[in-house]
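Take a walk through this protein chain, one neighbourhood at a time. Keep the model open beside the text and find each residue as it is named.

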Amino acid sequence: MATKENDKATQQDASEQESSKGGVVIRALVILALVVFLAKPYLFKEETTKDTRQLFKIHGVTMGTTWNASVVASPETLVALNLNGVADDSGDKADQPAVSSCEEFLARLVQRELDKIDLAASTYRVDSDVSKFNKSESADWIDVSYDVAKIVDIALDVSRKTKGAFDVTVAPLVNLYRFGPNKSPLAAFPSDEEIEALRARVGYEKLEVRLEPTPALKKADPALTIDLSSVAKGYAVDIAGQKLEELGLNNYMLEVGGEVRCAGEKFDYETREPLPWVLGVQKPKAVQQPDDLGKPDVYRLLRPAGKDSNAALATSGDYNNAAQVGTLTFSHFVDPRSGKPADLADENDDSPRLGSVSVVSLSCDALSCAQADAFATAFFVLGADEGIPLANELGVAVLYVYRFDPAASKIDEKSSETFEKIDSNLADEQIETLK
């Protein structure tokens, strides 16, 4: 009997010892789990928190000019977008060939948006909506794409606000001075009779637009024609920029033929700290030297955007498209109200010449790049004396730049009240600051 009782005691002691060991192990595991939980932020760096953003630079050709863009994004985001497909306006995800790089994906995305506007609004393409409208002599509504109708809607609004200084029906007069499709040399300056004959075919009041139920245009004069080049590039920039934002790519700068839209910020590669986009206003040289091609001198630097904002810059300058007949010099900016070039002058006159007009928008939601594009043309036509009071009335940020010589070695400027509030400084001053 004693032996059985001793065996029971021995088994009980072993069981208690085993239970004690199990309790120690459980307590140790609990403590370890608690330590790991508390130390997790320090012991483990999750891959998802790593900043993998890069600055992708892309470029291409559209609308008879070039485009350039810089997009800040992570490769993982771009790869995911490429794999999932990007829908077009109809909602379809077109079957697209695979791309070999993030740059190629972004370039294809932007190019598609820009080409869509070019196809609809070009006067050089016989199949465009604008060309078909210009050829028609119908007084009825003519169906066009939504984009063309929207561009014309923007244009007519700017025409009304500037009392006709901007007018997309001015094409016959532009062609008269050989700035349109007819590039043959102008032997003599047009007579007043020739100008007046064409002015009869011009007038934004003769053009109507509707966006609904179907986008369409209507002309009161069968001979009426339109040229949207003074607003279409800005509109194309808006459309491409909006597509990037729609996909969550909210940090970019996009430029088409000098019209710019930017959003968000870029960053410093070493510190990863955010940096603002910097936009440049070109020095308005009348004569470009070979060394200047592709690398124009910058006159003024602007920082109009912030982390949660988008901004636009549109510049109209006489340095890209000008002509001379005898001693008369002039650019492609024709005043629809007079039918004559807005900056017509005698080359022997040494008065300061208007070189460029820039319009800046601090918010594309309030003033789009398309509107800035149209206003830049209008304010060039108006000149500073008429333009600045109107800009102050409308609250538009406008910068007028005058040159005293063809090389723009001496420059003067005038600006609206709204422009003076923008973070801006001369390029030379910025260079000294960096030194």
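Start at a hairpin. Strand 13 and strand 14 form it, with 2 residues between them. G326 sits in the turn and has a positive phi of about 65°. Strand 13 covers residues 322-325, and it pairs with strand 14 in the antiparallel sense over 4 bridges. Look across the pair and you find V325 opposite L328 in strand 14. Strands of a sheet pair through backbone hydrogen bonds, either parallel or antiparallel.

Now step back for the whole picture. This is a predicted model. The protein chain comes to 10 helices and 19 strands. It has 435 residues, and 45% of them count as buried. Consider also the contacts in the chain with a separation of 6 or more: 64% of them come from residues 24 or more positions apart.

Follow the chain on from strand 14. D335 lies in the loop between strand 14 (328-331) and strand 15 (345-346). Is D335 buried or exposed? Its relative accessibility is 10%, so D335 counts as buried; the cut-off for buried is under 20%. Leaving out residues up to four places away in sequence, D335 touches K340, A342 and V381.

A second hairpin is worth a visit. Strand 6 and strand 7 form this one, again with 2 residues between them. Here G257 is in the turn, with a positive phi of about 55°. Strand 6 (residues 252-256) and strand 7 run antiparallel and are joined by 5 bridges. E255 stands opposite V260 in strand 7. Strand 7 has another partner too: 4 bridges join it to strand 12 (residues 310-317), and these two also run antiparallel. In strand 12, N310 is the bridge partner of A263.

Two packed helices are described by the angle between their axes and the distance between the axes. The axes of helix 5 and helix 9 (residues 369-394) come within 10 Å and cross at roughly 5°. That angle makes helix 5 roughly parallel to helix 9, because angles under 35 degrees count as roughly parallel. On the helix 5 side, the residues in contact are I154, D157, V158 and K161. On the helix 9 side, they include A370, F375 and L394.

Finish with the rings. The structure holds 7 aromatic pairs. One of them is formed by Y177 and F189. Their centres are 5.6 Å apart, with 45° between the planes, and the pair is tilted. Both residues lie in the loop between helix 6 (171-176) and helix 7 (192-199), and they are 12 residues apart. How do the two partners compare with the cut-offs for burial, and what is each one called? Y177 has 1% relative accessibility, so it counts as buried. F189 has 22%, so it counts as partly exposed. Ring pairs also link Y177 and F189 with F179 and F330 into a cluster. One more ring has a charge above it: the charged end of K414 sits over the ring of Y402, 5.6 Å from its centre.

Notes
Residues numbered from 1 in each chain as written. Predicted model: local features only at pLDDT ≥ 70, side-chain atom pairs only at ≥ 80, totals over all residues. Heavy atoms only, no water. Phe/Tyr/Trp six-rings, centres within 6.5 Å; stacked < 30°, edge-to-face > 60°. Buried < 20%, exposed > 50% of the residue type's maximum accessible area, 1.4 Å probe, protein only. Lys NZ or Arg CZ within 6 Å of the ring centre and 35° of its normal. Axes fitted to C-alpha atoms, helices over the stretch in contact; angles between N-to-C directions. Parallel < 35°, antiparallel > 145°, perpendicular 65-115°, else oblique. Contact = heavy atoms within 4.5 Å. Pairing = 2+ DSSP bridges.
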